[in-house]
Amino acid sequence: MRAALCLGLGVFLGSAGAWAQKDTAAATDSAPATVVVVADSSNDETVNAQLRAKIYSAARDQGWQAEGKADVMGKAESSGALEAGAVSRSEDKLAPLRSALGVRALVRIFRDDSGLHVIVVGASGTKSRDVASEEAALSAAIELLGRGGATKPATGGGAAATTDGTVSAGFMTRPRATSEEPEGPPPDSPEGRRLAWENRGGVRITYGARALLTGLYIPKTAFADQNPVSNQLEIGESSTFGIGGGIGAHVGMMYLPIPEPVVGSSNFAAFRLGVGAELTGLYVRPPDGYKYRVENNTVVSRDKTYDNKAYLYAFIPLELGVHFMFGEHRVGNIWRGMGLGIAYTPTLIAALEVGQDQDKTDTKFNYAGFELSLDLTKLETSERANPNIRLAATVLPKVSDDLPWLASASIGAFWY
């Protein structure tokens, strides 16, 4: 009796285990199978995009689900599979990339000196094949992928149902588009990155703030003093110097024709138009007379004396400039480099001596201002502006007798 019970219990447990394994396998087969295709075998991005589209279409017919929105370049950088701005061609580096993307399969198609190659990295391992054409690459990719998911059993009349329920009389049909499928090229594809940079560029609002160190110079400042012996008025002239610092804010527009990502340097020229408002305090020492040395009722020497004054200078510069940008795309969505700029900056100047009546504010216009700048730049493919460091030197020449030389060195952050 005990032997019979044990035998019955063993049969029951064995059957239950078999049913559980069958149910688990069915659940795994019916789960969505995701795939990412990275193809850059042609110099013509249109050809690459068409090849990826064909592989995605054929893969869907085999039960696969396209992951077109996957951040391939970002995951490639973090997993060590990014080489010279492109996804690696090494099988050893593609496996960690597949894991980082969280997909069941990764298809990598590329061309080198030895020909055209197809690599498929899946959960069960890596498969590869050398082919002669893009059409052969399509066939090889689908063959190496295999089936991605189970199809529903055929319904009456010999019709078969696809993984999304679309039925065709005896044929598998392409699944209906889902909200997860991109309307355009995948963002990680060369065409997707080109479009992202095209959208990032164009006319952009630019704004920023900076701190300034400003110097003032007047070559000839006339002054007069009375000789203590002869009581005559003596006229002289000397240079006037001033130094100070301040802050400024700027706003404008910038045109950024950012090129698409390429291997190596990626240079371009940008243009800007803007206006600023700056306030600077200056300590100024103008000459104000002589210090006489008298012996035996005779002037034996005289030395120039200087006054100490404080001024507030307000500047409103207009800016029209060009920036020559030198750098490269470190990854598909980041450009790093520097911009050498030159700008024409005619400026409205208002000067007020501290302690004097505001009615004595002296306002002039300097039409000959110019600025040299160096931008340390990082640009990303996002809608928001990126902060960049700008070092600049601005010069306002002495274009008339009633204007001083003014020069400023500045450092600031500018967004564009």
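Which backbone oxygen does the side chain of Arg 52 reach? The side chain of Arg 52 reaches the backbone oxygen of Ala 39, at 2.8 Å. The model is predicted, and local features were taken at pLDDT of at least 70, side-chain atom pairs at pLDDT 80 or more, and totals for chains, interfaces and linings from all residues. Residues are numbered from 1 along each chain as its sequence is written, and side-chain values use heavy atoms, with hydrogens and water left out.

The secondary structure of the protein comes to six helices and 22 strands. Helices (H or I, at least four residues) and strands (E, at least two) are DSSP runs, numbered from the N terminus. The protein has 416 residues, of which 39% count as buried. Buried means under 20% relative accessible area, exposed means over 50%, and partly exposed lies in between, for a 1.4 Å probe and protein chains only. Contact means heavy atoms within 4.5 Å. Among contacts between residues at least 6 apart in sequence, 63% join residues at least 24 apart.

Arg 52 belongs to helix α2, residues 45-61. With a relative accessible area of 3%, Arg 52 is buried. Helix α2 also meets helix α5, residues 134-145; the two axes come within 10 Å and cross at roughly 30 degrees. Axes are lines fitted to C-alpha atoms, for helices over the stretch in contact, and angles run from 0 to 180 degrees between N-to-C directions. The crossing of α2 past α5 is right-handed. A crossing has this hand if the near helix is turned clockwise from the far one by less than a right angle, and is left-handed if anticlockwise. On the α2 side, the residues that meet α5 are Val 47, Leu 51, Lys 54, Ile 55, Ala 58 and Ala 59. Their partners in α5 are Glu 134, Glu 135, Leu 138, Ala 141, Ile 142 and Leu 145.

Val 37 is found in strand β1, residues 33-39, and is buried at a relative accessible area of 1%. Gln 65 is found in strand β2, residues 64-66, and counts as partly exposed at 27% relative accessibility. Gln 65 and Thr 34 are 31 residues apart in sequence and 4.7 Å apart in space, C-alpha to C-alpha.

Strand β21, residues 387-396, contains Arg 390. At 4% relative accessibility, Arg 390 counts as buried. Its side chain makes a polar contact of 2.8 Å with the side chain of Asp 375. A polar contact is a pair of N or O atoms within 3.5 Å; within protein, one must be able to donate a hydrogen and the other to accept it, and residues adjacent in sequence count only if both atoms are side-chain atoms. Arg 390 also lies over the face of Phe 414, at 4.2 Å from the ring centre. A charge sits over a ring if NZ of Lys or CZ of Arg is within 6 Å of the ring centre and within 35 degrees of the ring normal. Leaving aside residues up to four places away in sequence, Arg 390 touches several residues, including Arg 272, His 323, Ser 410 and Tyr 416. Ala 392 lies in strand β21 as well and is buried, with a relative accessible area of 7%. A pair of aromatic rings is described by the distance of the centres and the angle of the planes. Rings of Phe, Tyr and Trp (its six-membered ring) pair if their centres lie within 6.5 Å; planes under 30 degrees apart count as stacked, over 60 as edge-to-face and the rest as tilted. By this rule there are seven aromatic pairs. One of them, Tyr 311 with Tyr 313, is tilted, at 6.3 Å centre to centre and 50 degrees between the planes. Tyr 313 counts as buried at 9% relative accessibility. Phe 223, Tyr 290 and Tyr 292 form one aromatic cluster, and Arg 302 lies over the face of Tyr 290, at 4.2 Å from the ring centre.

Two asparagines in loops have positive phi values. Asn 231, in the loop between β11 (202-226) and β12 (233-256), has a phi near 60 degrees. Asn 231 is exposed, with a relative accessible area of 52%. Asn 297 lies in the loop between β14 (287-295) and β15 (298-306) and has a positive phi of about 60 degrees although it is not a glycine. At 60% relative accessibility, Asn 297 counts as exposed.
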